[in-house]
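The sequence and structure come first.

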Amino acid sequence: MNERSEPTTGTAESLAGGDRVDCGMASATEAFVSHRNLLFTVAYEMLGSAADAEDVLQETWLRWMKVDLGQVRDRRAYLVRITTRQSLDRLRAMRRRKEAYFGSWLPEPLLTTPDVAQDIELAESVSMALMLVLETLSPTERAVFVLREVFDVGYDEIAAAVGKNPAAVRQIAHRARRHVDARRPREVVSPGETRAALESFRRAVDTRDLQGLLDVLAPEVVLIADGGGLRQAAPRPITGADKVARFIVGGLGKAEVAPTGEFTVVNGNPALLVRVDGEIDGVMAIGVQDARITGLYYIRNPEKLTRVESETPLTLR
């Protein structure tokens with residue numbers, strides 16, 4: 001047998017086919033990687049959980065690798081469609097988990113890159129205040145609102161993603177928008193205004209200044225704390241400036257070690273990274289209107305604090 005014999009025609013075709021498969025996989029991988037930050041942002045805004053968003057991306061990747069790219073006209077749109085479907089399935093499952101959650105549930109905070117804070121639309125869409133409003137929507141309403149209002153996806157593409165016809169999607173979008181507009185902050189607040197309110201809050205907390213707290217808190221301020229049953233937290237929201245201020249000052253009086261707050265940017269907005277004896281205790285995010293704090297959101301659940309020291313890139317495009 002001649003050791004230098006050429007491969008048979010069948011073998012050559014097999015090798016060529018292998019090259020095409022490798023080429024297709026490389027192309028699919030390139031498309032997924034180039035849109036990964038967008039897909040993560042879509043999943044996170046729908047779920048409020050970075051851990052679940054990462055799981056959704058893994059499922060999206062597995063399904064994307066089975067797609068015939070020759071039949072895909074718009075790879076970005078197709079990837080968003082897969083991500084939306086996977087997010088919807090997970091969001092419905094999360095509803096059951098949240099019903100059994102100990103105490104109040106808050107979105108998982110993300111340390112975000114500087115460009116997120118500079119993008120007013122993106123920063124508002126991932127703010128704690130708006131993310132909590134999105135929690136009041138049904139899974140389908142949330143998906144439609146996020147895709148239409150945040151990512152400006154067309155009705156036909158949304159319909160394909162959520163399994164509805166375009167006319168139904170328009171109605172859902174109108175209903176969701178009306179619901180959110182009735183509950184979202186009246187106006188977009190600049191990072192500078194938020195930081196100023198946060199500075200006044202931190203100063204009052206550091207000095208145990210009850211009147212200082214009352215001055216910076218809006219009369220109907222709401223404090224929501226999330227310990228997840230793993231750390232102590234108020235089991236229910238506390239409403240009213242006097243109650244919130246006294247709760248904070250009272251808690252500080254019982255603390256063995258005084259907490260310290262360092263400025264950070266969480267979900268595109270100024271926040272405080274709270275430490276006790278040098279260890280991360282939680283993240284305090286706020287909502288502001290008319291220079292006063294309308295919402296205090298304190299995440300203490302350690303399972304939700306894994307992304308507050310390394311930046312997570314988010315994007316609308």
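The points below take the cavity, then the sheet, then the helices.

The model is predicted: local features need pLDDT of at least 70, side-chain atom pairs count only at pLDDT 80 or more, and totals for chains, interfaces and linings use all residues. Residues are numbered from 1 along each chain as its sequence is written, and side-chain values use heavy atoms, without hydrogens and water.

**Cavity**
- The structure holds one cavity of 30 Å³ or more, a cavity being a set of points on a 1 Å grid over the protein atoms alone where a 1.4 Å probe fits but cannot get out.
- The volume of the largest cavity is about 350 Å³, taken as the space filled by probe spheres set on the points, which are joined across faces, edges and corners.
- Its lining comprises 25 residues, with Glu-124, Ser-127, Val-189, Thr-194 and Asn-269 nearest the centre; lining residues have an atom within 4 Å of a point.
- Strand 5 gives the most to this lining, with five residues; strands are DSSP runs of E with at least two residues, and helices are runs of H or I with at least four, numbered from the N terminus.

- Six strands form an open sheet of mixed pairing, in the order 2-1-6-5-4-3; two strands pair if DSSP finds at least two bridges between them.
- Strand 2 (238–239) and strand 3 (260–266) each have a single partner strand, so one side of each lacks a neighbour in the sheet.
- Strand 5 and strand 6 (residues 292–299) are antiparallel over seven bridges.

**Helices**
- Helix 11 packs on the sheet and touches strand 3, strand 4, strand 5 and strand 6, contact meaning heavy atoms within 4.5 Å.

How values were computed
On a 1 Å grid over the protein atoms alone, a cavity is a set of points where a 1.4 Å probe fits but cannot get out, and a pocket is an open set with protein on both sides within 12 Å along at least five of seven lines; lining residues have an atom within 4 Å of a point. Axes are lines fitted to C-alpha atoms, for helices over the stretch in contact, and angles run from 0 to 180 degrees between N-to-C directions.
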